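Open the model in your viewer and keep a selection panel handy. We will go stop by stop, with a note at each on what to pick next.

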Amino acid sequence: MSVLVYTESEGGKFKKAAFEVASYAKEVANMLGTTVSAVSIHGGDASALAAYGVDKVLEVNDDKLTTFNAKAYADTLKQAAEKEGANIVVISSSADSKFLAPLLAVHLDAGYASNVVALPESTSPFKVKRTAFTNKAFTITEMSTDRKIIGLSNNAFGLKENEGAAAAEAFEPSLNDEDFAVHVTAVDKATDKVSIADAEIVVSGGRGLKGPENWGMIEDLADVLGAATACSKPVSDMGWRPHGEHVGQTGKPVASNLYIAVGVSGAIQHLAGINASKVKVVINNDPEAPFFKAADYGIVGDAFEVVPTLIEKLKEFKSNNA
Amino acid sequence: MKILVCISHVPDTTSKINFTDGDTKFDTNGVQFVINPNDEFGLTRAMWFKEKQGASVDVVNVGGPETEPTLRKALAIGADNAIRVNAEATDGFFVAKQLAKVVQDGGYDLVIGGRESIDYNGGMVPGMVAALTGANFVNTCIGLEIEGDTATAIREIDGGKETSTAKLPLVVGGQKGLVEESDLRIPNMRGIMMARKKPLSVVEPVDANQETKAVEFEKPAPKGDVKLVSPDNVQELIDLLHNEAKAI
């Protein structure tokens with residue numbers, strides 16, 4: 001039995017989350033005294049996974065799987081888990097992984113714990129720590145099934161270099177028409193922008209920016225940092241920004257390394273959604289804004305003055321540290 | 001078309017979260033319970049199908065009698081019938097097994113749940129119901145149209161959206177976008193009065209394993225004070241982020 005990990009890729013290259021789940025799977029495999037097998041569907045070069053401890057890579061190159069399809073991908077992972085005799089499957093918290101996880105759980109008779117933030121506290125009984133109440137708390141969850149799926153929260157574990165053989169081997173799952181009963185007809189994705197889920201840094205704007213016409217400086221700040229842009233709930237409700245940018249309890253969760261909030265007051269629902277970010281910065285002219293209680297660094301000041309200066313200074317910093 | 005909307009009974013989004021019994025139980029003291037926001041977007045979309053396409057809409061919850069006011073609220077918003085599966089919602093798989101039974105008994109064409117509940121955030125129940133009943137499944141659904149026996153669904157993906165088509169029966173994990181925040185309905189007095197007379201049936205649970213158990217809770221470590229930087233010295237923020245926080 002090995003630990004199976006689903007290493008996601010985009011455009012033929014592994015995503016950072018793939019290396020993170022591989023790093024995690026390696027540590028779990030060490031705890032259990034076993035090896036790591038990865039499933040890579042139209043993925044990058046298998047050797048890239050060696051540095052994170054992957055011993056074997058099952059490469060799937062089925063033409064029917066060029067576009068993500070939850071049921072077909074879940075079926076592929078199920079067959080891979082059975083072939084490898086894997087009792088533990090590690091996946092990321094991407095939209096795609098969260099989509100396929102419950103399907104895989106039922107088909108594998110596996111328990112599923114999502115939003116896991118640390119290595120298992122113990123392996124017998126098997127206990128993992130995960131977030132609950134939308135980041136307002138953690139739970140220690142005991143998993144009693146023989147097979148287990150662990151959904152690792154993005155950026156929770158980080159990358160850990162390790163040595164693995166990453167021996168590549170072709171894997172051909174046997175798929176049927178049922179697997180493709182949901183037909184994807186169109187994918188609309190901004191390829192020139194960092195997505196909130198993949199971003200190391202997120203820059204977010206709130207009602208304090210007064211109107212959608214003032215978002216230029218948020219985008220400029222994001223550009224200089226290579227960050228994704230986000231917004232608070234009122235901003236998306238008023239239609240200043242698209243819904244996809246809304247972060248918070250009912251929007252997208254953010255677990256970036258750095259979160260910069262500009263003109264966001266910090267309602268409890270917003271803070272819950274971004275709480276998993278490691279370093280939080282707030283820029284707001286109201287010193288009483290609740291965000292200052294949740295932030296690591298803050299500037300009490302007018303965003304329209306502070307942000308342009310910050311962009312200028314960051315450009316200098318970037319050119320000096322390039 | 002028969003629609004079933006799965007309703008989770010969860011603490012209001014503004015609730016302070018505390019635990020009792022040596023951090024093993026959620027402290028419900030002083031907590032207001034509401035329809036899970038992700039489910040409410042789905043319920044509101046179901047109302048649209050009822051009004052425009054003549055669908056019938058049932059709501060279901062797995063929980064004890066204390067969850068009935070939440071089901072009544074869903075009836076007041078406009079659902080036709082409510083079903084309560086009389087069991088404690090111990091984990092996602094247990095709940096999915098109960099819902100799968102209700103779905104099969106009721107012969108529903110469309111099942112709408114939330115992409116996750118805002119209490120345990122498991123994010124697994126709709127997908128498991130689909131897998132257990134053999135229905136098609138679309139998660140993080142932000143747009144849904146039904147024509148005849150075919151659904152067109154838009155799903156939020158990382159950095160964009162994806163459109164797909166599928167035959168009914170279909171299960172969706174819904175969220176904001178299925179309808180807008182401004183479309184949500186506050187029950188009026190007539191709705192509340194009518195809801196009292198609408199059927200709320202209680203069914204007993206089927207046998208199902210509990211696969212996961214929250215054995216202990218922890219609150220995040222208290223945060224240190226914010227470090228304030230003067231607006232006249234923005235460079236200091238960059239230095240702190242680089243040297244101290246190592247975030248840039």
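Begin with helix α5 (residues 216-225) of chain A, which lies across β14 (201-205), β15 and β16 of chain A and runs at about 175° to β14(A). This is a predicted model, in which local features need pLDDT of at least 70, side-chain atom pairs count only at pLDDT 80 or more, and totals for chains, interfaces and linings use all residues. Residues are numbered from 1 along each chain as its sequence is written, while chains are lettered from A and ligands numbered from 1 in the order in which they are written.

A few terms before moving on. Helices (H or I, at least four residues) and strands (E, at least two) are DSSP runs, numbered from the N terminus. Axes are lines fitted to C-alpha atoms, for helices over the stretch in contact, with angles from 0 to 180 degrees between N-to-C directions.

**Stop 1**

Select the open sheet of six strands, ordered β15(A)-β14(A)-β16(A)-β17(A)-β18(A)-β15(B), with parallel pairing (two strands pair if DSSP finds at least two bridges between them). β15 (228-231) of chain A and β15 (227-229) of chain B stand at the edges with a single partner strand each, so one side of each has no neighbour in the sheet. From one strand to the next, the twist averages 20°. Now zoom in on β16 (residues 258-262) and β17 (residues 279-284) of chain A, a parallel pair with five bridges; there, Ala261(A) stands opposite Val282(A).

**Stop 1**

How do their axes cross? For the contact itself (C-beta atoms, placed from the backbone, within 7 Å), show Met217(A), Asp220(A), Leu221(A), Val224(A) and Leu225(A) of α5(A), and on α9(A) residues including Val307(A), Ile311(A) and Leu314(A). By class, the contact has nine nonpolar, no polar and three charged residues; Ala, Val, Leu, Ile, Met, Phe, Trp, Tyr, Cys and Pro count as nonpolar, Asp, Glu, Lys and Arg as charged, and the others, Gly among them, as polar.

**Stop 2: two domains of chain A**

Colour domain 1 (2-180) and domain 2 (201-320) of chain A separately; the bounds come from an automatic or database domain assignment. Their C-alpha centres lie 32 Å apart, and eight residues of domain 1 of chain A are in contact with eight of domain 2 of chain A.

**Stop 3: where the chains meet**

Show both chains: 73 residues of chain A are in contact with 62 residues of chain B. Which helix gives the largest share of the side of chain A that touches chain B? Select α4 (residues 95-108) of chain A, which supplies nine residues. α4(A) lies across β9 (136-147) and β10 (150-157) of chain B, at about 90° to β9(B).

**Stop 4: a sheet with strands from both chains**

Finish with the open sheet of ten strands, in mixed pairing, that runs from β13(A) through β11(B) and on to β13(B). Its edge strands are β13 (183-189) of chain A and β13 (200-203) of chain B. β13(A) pairs with β11 (residues 160-167) of chain B in the antiparallel sense over six bridges, and His183(A) has Thr165(B) as its bridge partner.

Definitions and conventions: Contact = placed C-beta atoms within 7 Å.
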